[in-house]
Amino acid sequence: MSTDAPGAAPLIRLRGVTKTYGSGNTAFQALRGVDMDVQAGEFVAVMGPSGSGKSTVMNILGCLDTLSAGSYRFRDVAVEALDRNQRARLRRHYLGFVFQGFNLLGRTSAQENVELPLLYRGASAAERHRAAREALAQVGLDGWGHHTPAELSGGQQQRVAIARAIVTQPQVLLADEPTGNLDTQRSREIMDLIATLNRERGITVLMVTHEPDMAAYARRVVRFVDGRVDSDRLQEPVMSPPVESTLAGEGG
Ligand SMILES: Nc1ncnc2c1ncn2[C@@H]1O[C@H](COP(=O)(O)OP(=O)(O)O)[C@@H](O)[C@H]1O
Ligand SMILES: [Mg+2]
């Protein structure tokens with residue numbers, strides 16, 4: 001797990017995090033005091049019933065949303081004290097996202113979808129092309145860059161989304177139900193890929209899933225109930241096969 005010296009700050013530290021949507025009579029507290037530390041290199045599955053605050057905490061971790069009270073420290077920096085631009089920079093440099101619905105641009109090639117985060121960073125065209133080709137190869141889509149999402153299967157679209165998430169070489173991958181729209185076989189292939197990125201590239205992974213089979217790939221399972229951490233357990237992750245064998249035979 002962590003290679004940090006004893007006493008070193010964790011990569012992620014949440015303390016007393018609350019999130020209230022709306023105000024007055026319609027106010028709803030989606031998070032009710034979340035404490036959670038994540039060390040660099042961990043693979044955490046976030047589980048819990050629908051409405052328990054999983055997506056809310058992921059959006060806060062990903063700087064896509066702000067907390068209402070409490071503290072979020074990332075690399076020992078107080079995220080709630082950053083302004084909008086600083087949060088955007090943190091997001092672009094350290095975080096990658098994968099969503100259940102893939103969220104690819106429909107009329108845009110896989111290659112261009114993957115290049116997009118680098119465009120925001122101001123990378124040159126040559127650098128964008130090179131990095132996107134490399135990221136597509138890493139997810140087993142070498143040579144598929146010219147296809148639009150409609151020409152790809154669900155499993156392949158999620159691979160493109162993962163390539164887009166890792167093209168900036170983020171320290172953390174945040175995945176919210178990444179296999180929620182996929183059948184069992186494609187789900188396993190996506191999990192093998194995510195587990196390989198964690199194991200071989202050292203990317204810290206936080207992944208929401210409601211499927212025990214998918215959570216089994218993680219080393220740690222944090223369970224949310226009613227906007228709080230209900231349990232937090234370590235487990236022996238299922239071994240995924242080497243990436244070569246998982247990437248062969250992608251069809252559907
Ligand atoms: N933008 C929002 N406005 C109001 N309520 C919200 C909003 N987003 C989420 N909620 C509510 O907060 C609770 C937690 O939502 P969410 O984090 O999406 O749950 P989960 O991902 O665990 O299913 C739910 O009751 C949901 O209806
Ligand atoms: Mg959710």
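Helices, in what follows, are DSSP runs of H or I with at least four residues, and strands are runs of E with at least two, numbered from the N terminus. Please bear in mind that this is a predicted model.

Let us begin with the ligand. Which element gives the most to the shell around ligand 1? It is helix 1, with three residues. The residues around ligand 1 are Y21, G22, F28, A30, G48, S50, G51, S52, G53, K54, S55 and T56. Two elements, strand 2 (28–38) and helix 1 (54–61), each give two or more residues to this shell.

I turn now to a pair of helices. Two packed helices are described by the angle between their axes and the distance between the axes. For helix 3 (residues 110–120) and helix 4 (residues 125–138), the axes come within 9 Å and cross at roughly 120 degrees. Helix 3 is therefore oblique to helix 4. The crossing of helix 3 past helix 4 is right-handed. On the side of helix 3, the residues that meet helix 4 are A110, Q111, V114, E115, L118 and L119; helix 4 contributes E127, R128, A131, A132, A135 and L136. The residues of this contact divide into eight nonpolar, one polar and three charged.

Six strands form an open sheet in the order 6-7-8-3-9-10, and their pairing is mixed. Which strands lie at the edges? They are strand 6 (95–99) and strand 10 (228–234), each of which pairs on one side only. From one strand to the next, the twist averages 15 degrees. Helix 5 (residues 154–166) packs on the sheet, where helix 5 touches strand 6 and strand 7 (172–176). The direction of helix 5 makes about 165 degrees with that of strand 6.

Strand 1 (residues 12–21) and strand 4 (residues 69–74) run antiparallel and are joined by five bridges, with I12 opposite F74. Strand 4 is also joined to strand 5 (residues 77–78), in the antiparallel sense, by two bridges; here R73 stands opposite A78. The hairpin of strand 4 and strand 5 has two residues between the strands, and in this hairpin R75 takes a positive phi near 50 degrees.

Technical notes: Residues numbered from 1 in each chain as written. Chains lettered and ligands numbered in written order. Predicted model: local features only at pLDDT ≥ 70, side-chain atom pairs only at ≥ 80, totals over all residues. Near = placed C-beta within 6 Å. Axes fitted to C-alpha atoms, helices over the stretch in contact; angles between N-to-C directions. Parallel < 35°, antiparallel > 145°, perpendicular 65-115°, else oblique. Left-handed = near helix turned anticlockwise from the far one by under 90°. Contact = placed C-beta atoms within 7 Å. Nonpolar A, V, L, I, M, F, W, Y, C, P; charged D, E, K, R; others polar. Pairing = 2+ DSSP bridges.
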